[in-house]
Each structure stands twice: as structure tokens, then as C-alpha cells.
Amino acid sequence: MAYESVYLEKELQIDCIYTIHYFEYRNDFYYAGERHDFWEFQCVDKGKAEVCAEDVHHVLNRGQVIFHKPNEFHNLSATGTNAPNIIVVSFACNSPCMKFFEDKILEFSDTERSILGLIIAEARHCFSSPLDNPYTEKMEKRSDIPFGSQQLLILYLEQLLIHMLRRYTTTPRYPSTILNDSSSISTASRKIVNYFEEHIRDSITIEDVCHDNLIGRSQLQKLFREEYGCGVIEFFSHMKINFARQLIRENDMNFTQISEFLGYSSIHYFSRQFKKICGMTPTEYAYSIKAISERPQDPAQESNEKNGADV
């Protein structure tokens with residue numbers, strides 16, 4: 001047998017890193033500004049900060065990040081009311097996909113904050129230059145850099161940008177564990193399924209389905225019994241919980257946020273529905289081998305810190 005290798009494209013590539021800083025500013029800090037021919041992002045980890053990008057002024061809140069494209073003038077200052085903590089990372093990247101980040105103010109997810117934490121930790125392993133000096137123009141390497149530290153810095157930064165780009169540009173899918181994809185499924189039932197997908201975050205009744213789709217209650221129930229072997233609301237509940245499983249695997253929201261996102265009246269009702277359909281609690285599912293194997297790569301080590309107690 002003759003094996004052939006598979007070429008994998010690298011759609012986003014960091015060429016080099018210029019600076020990685022974590023600043024704990026005073027409430028009167030002011031940086032006059034600069035422009036340079038490489039990328040930079042500024043993220044607020046605590047408090048607020050004022051940022052200028054060319055002639056446009058912004059106030060960044062905790063968790064927000066602004067990207068400055070090459071040769072864009074930018075400055076940074078405290079608001080005067082609080083002492084902010086700011087993360088600044090500058091790097092060279094010529095990948096076409098970076099255009100997405102131009103003129104953007106975004107928010108980091110929990111997963112992305114975890115990746116950013118790894119970047120800061122690895123920078124301390126890699127550089128002897130203090131990370132809290134905003135005027136450092138060249139980071140000096142340590143003489144005792146751990147094996148792979150420099151490579152990990154690049155990989156973590158690429159992972160951070162890829163994760164953000166995919167999260168903001170990929171249309172979420174609404175899978176159903178009980179959806180039958182065979183050709184026997186009628187156009188009418190597919191229309192109802194599409195309706196469910198559009199209202200996956202809502203709390204809807206049979207009356208809502210009938211009214212919005214111009215179908216009688218008995219006809220609707222008969223349709224789903226014959227084609228899916230379950231009741232129409234049971235089908236919708238399975239869709240919701242299956243989407244909840246996807247959100248748990250992605251690890252960007254805690255259980256309370258998932259419950260609210262999917263329109264459940266309470267976290268306790270969500271938990272009961274989840275266990276009824278999956279046979280385990282959300283926490284048990286999050287720690288199951290199946291969930292872990294299907295989860296996107298995530299450097300966060302303790303998901304229970306984010307998800308809280310067993311529900």
C-alpha cells in the first residue's frame with residue numbers, strides 16, 4: 001500500500017511577535033500614541049479605558065478588545081475614574097483573513113480569555129523584559145526559556161485569532177438527535193423543523209406552531225407521530241437539548257447562560273429537561289468522554305470553575 005500525505009493549509013499564520021504586555025495602570029495614565037506597520041490589539045481586563053483609532057474615540061469596558069491594523073494611529077489612556085488593567089499584544093501577520101479584525105471592537109469569550117491567559121503566562125517564561133513597561137520596544141528573551149515556549153506563544157496567538165474569527169463568522173448549527181434525514185420526510189414537516197431552528201431560543205407552544213405555520217393541531221401531531229415517532233413539542237425539546245449539548249462542548253457559556261440563551265424559565269427546569277433527555281445532568285455530560293471527545297480544543301483546565309456546582 002502506498003501512503004500519500006495530505007497537505008493542510010495554514011489560513012492564518014503569525015510571522016513574529018513584537019510585544020506582549022500586561023499593564024496595571026494608574027487612573028491618570030495617558031499614552032500619546034503611535035503607528036507601526038504591524039497588528040496590535042488592546043484588551044481591558046479590569047475597569048475601562050479610552051482608545052483612539054485614527055480620529056475615532058472609543059471607551060472599552062472589561063472583556064472588550066480593539067484591533068489596530070498596520071499603520072493605524074492609536075493611543076490609550078485611563079478614563080480618570082478607575083485604574084484599568086490592559087493587555088497589549090502586537091504581532092506581524094499578512095494572512096488575508098486578518099481583514100476581518102479591521103476596525104473591530106469585539107468581546108472575548110471564556111475560552112478566549114483562557115487562551116489569552118496562557119499567552120501571558122508563556123510570555124513570562126519566554127521573556128526577561130517586564131510585561132508591565134508600556135515603553136518597551138524590544139522584548140528580551142530569557143536565557144532559560146523552557147522547551148517549546150517560543151513556539152507555544154505563536155500557536156496560542158494563532159489559536160486565539162482563529163477561535164475568535166470562527167465564533168464571529170460561523171453560522172451556528174441547530175442539530176437534532178431525532179431528525180430523520182431520509183427522503184420519506186415530507187415538505188410540511190421540514191418546514192416545521194426549519195421553524196423550530198429559527199425559534200430555538202424561544203419558548204413556544206403547539207398553538208404558536210399551528211398559528212405561525214397555518215396547520216391544524218391534530219394534523220400537526222399526526223404528522224410528527226408518523227414521520228418522527230414522537231410528539232411535536234417532544235421533538236422541539238430534543239432539538240433544544242441537543243443544541244445545549246453543542247454549547248456545553250464549545251465551552252463558551254456556563255449552564256445558566258445556556259439556559260437563558262435557549263429560553264428556559266430557570267436553570268433548574270433546564271437541568272431537569274437535560275437529564276430527562278440525556279440521562280445525565282449538564283455537569284455529568286460536560287465531564288463525559290463523549291462530550292470531551294467532541295469538544296473544540298480548549299486550554300481551560302477546570303470547566304467546573306466556570307460551570308459551577310452540579311445542576
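## Accessibility and the cysteines

A residue is called partly exposed when its relative accessible area lies between the 20% under which residues count as buried and the 50% over which residues count as exposed. The structure considered here is a predicted model, and in this model Cys278, at 21% relative accessibility, counts as partly exposed. Cys97, with a relative accessibility of 25%, likewise counts as partly exposed.

The structure holds 0 disulfides. For Cys97, the closest cysteine sulfur belongs to Cys93 and lies 6.0 Å from the sulfur of Cys97, which is too far for a bond, because a disulfide requires a pair of cysteine sulfur atoms within 2.5 Å.

## The enclosed cavity

With a threshold of 30 Å³ or more, the count comes to 1 cavity, and the space in the largest cavity is about 30 Å³. Its lining is made up of Cys43, Val44, Asp45, Arg62, Gly63 and Arg113. Strand 3, which spans residues 39-46, provides the largest share of that lining, with 3 residues.

Glu107 itself belongs to strand 9 and, with a relative accessibility of 45%, counts as partly exposed.

## The second largest pocket

The second largest pocket has a volume of about 340 Å³, and of the 20 residues that line this pocket, Tyr31, Glu34, Glu40, Pro134 and Thr136 lie nearest its centre. Two or more lining residues are given by each of strand 1 (16-24), strand 2 (30-34), strand 3, strand 7 (74-78) and strand 8 (85-92). Of the elements that contribute, strand 1 gives the most to the lining, with 4 residues.

The lining of the second largest pocket divides into 9 nonpolar, 8 polar and 3 charged residues.

## Aromatic pairs and charges over rings

A search of the whole structure finds 19 aromatic pairs. In the pair formed by Tyr18 and Phe38, the ring centres are 3.8 Å apart and the ring planes meet at 10°, so the pair is stacked, given that planes under 30 degrees apart count as stacked. This pair links distant parts of the chain, since Tyr18 lies in strand 1 whereas Phe38 lies in the loop between strand 2 and strand 3, 20 residues apart. The two partners are also assigned to separate accessibility classes: Tyr18 is partly exposed, with a relative accessible area of 33%, while Phe38, at 13% relative accessibility, counts as buried.

Elsewhere, ring pairs join Phe41, Phe67, Phe91, Phe100, Phe101, Phe108 and Tyr168 into a cluster. Phe100, one of the residues in this cluster, has the charged end of Lys104 sitting over its ring, 4.6 Å from the ring centre. A further case of a charge over a ring involves Lys240, which lies over the face of Tyr264 at 5.3 Å from the ring centre.

## Loop residues and backbone geometry

Glu54 has a positive phi of about 55° although it is not a glycine, and its place is in the loop between strand 4 (49-53) and strand 5 (56-60). With a relative accessibility of 34%, Glu54 counts as partly exposed. Asp103, which is not a glycine either, has a positive phi of about 60° and is found in the loop between strand 8 and strand 9 (105-107). The relative accessible area of Asp103 is 58%, which means that this residue is exposed.

Ser128 occupies the loop between helix 1 (110-126) and helix 2 (149-169), where, at 47% relative accessibility, Ser128 counts as partly exposed.

Conventions. Residues are numbered from 1 along each chain as its sequence is written. This is a predicted model: local features need pLDDT of at least 70, side-chain atom pairs count only at pLDDT 80 or more; totals for chains, interfaces and linings use all residues. Side-chain values use heavy atoms; hydrogens and water are left out. On a 1 Å grid over the protein atoms alone, a cavity is a set of points where a 1.4 Å probe fits but cannot get out, and a pocket is an open set with protein on both sides within 12 Å along at least five of seven lines; lining residues have an atom within 4 Å of a point. Grid points are joined across faces, edges and corners, and a volume is the space filled by probe spheres set on the points. Buried means under 20% relative accessible area, exposed over 50%, partly exposed in between (1.4 Å probe, protein chains only). Ala, Val, Leu, Ile, Met, Phe, Trp, Tyr, Cys and Pro count as nonpolar, Asp, Glu, Lys and Arg as charged, and the others, Gly among them, as polar. Rings of Phe, Tyr and Trp (its six-membered ring) pair if their centres lie within 6.5 Å; planes under 30 degrees apart count as stacked, over 60 as edge-to-face and the rest as tilted. A charge sits over a ring if NZ of Lys or CZ of Arg is within 6 Å of the ring centre and within 35 degrees of the ring normal.
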